[in-house]
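Please read the points beside the structure shown here.

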Amino acid sequence: MDLALIPTLPRGVRLRFDKVRQNWVLLAPERAIMLDDVGHAILQKVDGTRSFGDILMRLAARYEAPAQDIQRDSSSFLKALW
């Protein structure tokens, strides 16, 4: 994924906390996707203003992980959603 790309959630898709399940979910028309901690960490940074490179650097710093590992995992996750 291009580091300059600014990822956004598709129209009608929202990140919400499900009080019943006590878990973060990605709500889309006619479906809900339960998120693990990694998925939630990635998606909470997707705000339509941050580039993929910025998101990547913030996650690498937060989790003290190699940027290339975060890039590989985040890119795969985001591509799977779209």
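Contact is taken to mean heavy atoms within 4.5 Å. Helices (H or I, at least four residues) and strands (E, at least two) are DSSP runs, numbered from the N terminus. The model is a predicted one, in which local features need pLDDT of at least 70 and side-chain atom pairs count only at pLDDT 80 or more, while totals for chains, interfaces and linings use all residues. Residues are numbered from 1 along each chain as its sequence is written, and side-chain values use heavy atoms, with hydrogens and water left out.

1. Helix α2. The buried residues of α2 pack against α1 and α3. Buried denotes under 20% relative accessible area, exposed over 50%, and partly exposed in between (1.4 Å probe, protein chains only). In α2, F52, G53, I55, L56, L59 and A60 are buried. These residues lie on the same side of α2, because they cover an arc of only 160° around the axis; the arc is that of the directions from the helix axis to the C-beta atoms. An α-helix has 3.6 residues a turn, so residues three or four places apart point the same way.

2. Helix length and end. The expected span of a helix is 1.5 Å times one less than its number of residues. For the twelve residues of α2 this gives 16 Å, in agreement with the 16 Å between its end C-alpha atoms. E64 follows α2 and has a positive phi, near 50°.

3. Residue L56. L56 belongs to helix α2 and counts as buried because its relative accessibility is 3%. Not counting residues up to four places away in sequence, L56 touches L3, A67, I70 and Q71. The C-alpha atoms of L56 and S75 are separated by 9.3 Å, although the two are 19 residues apart along the chain.

4. Nonpolar core. A nonpolar core is a set of buried Ala, Val, Leu, Ile, Met, Phe, Trp, Tyr and Cys residues joined through side-chain atoms within 4.5 Å. The largest one has 16 residues, and L26, L35, L43, V46, L59, I70 and L78 have the most contacts inside it. Two or more residues of this core come from each of β2 (23–28), α1 (37–43), α2 (52–63) and α3 (67–81). The largest share, five residues, is that of α2.

5. Sheet. Three strands form an open, antiparallel sheet in the order β1-β2-β3, two strands being paired if DSSP finds at least two bridges between them. The edge strands, β1 (14–18) and β3 (31–34), each pair on one side only. Four bridges join β2 and β3, and V25 has M34 in β3 as its bridge partner.
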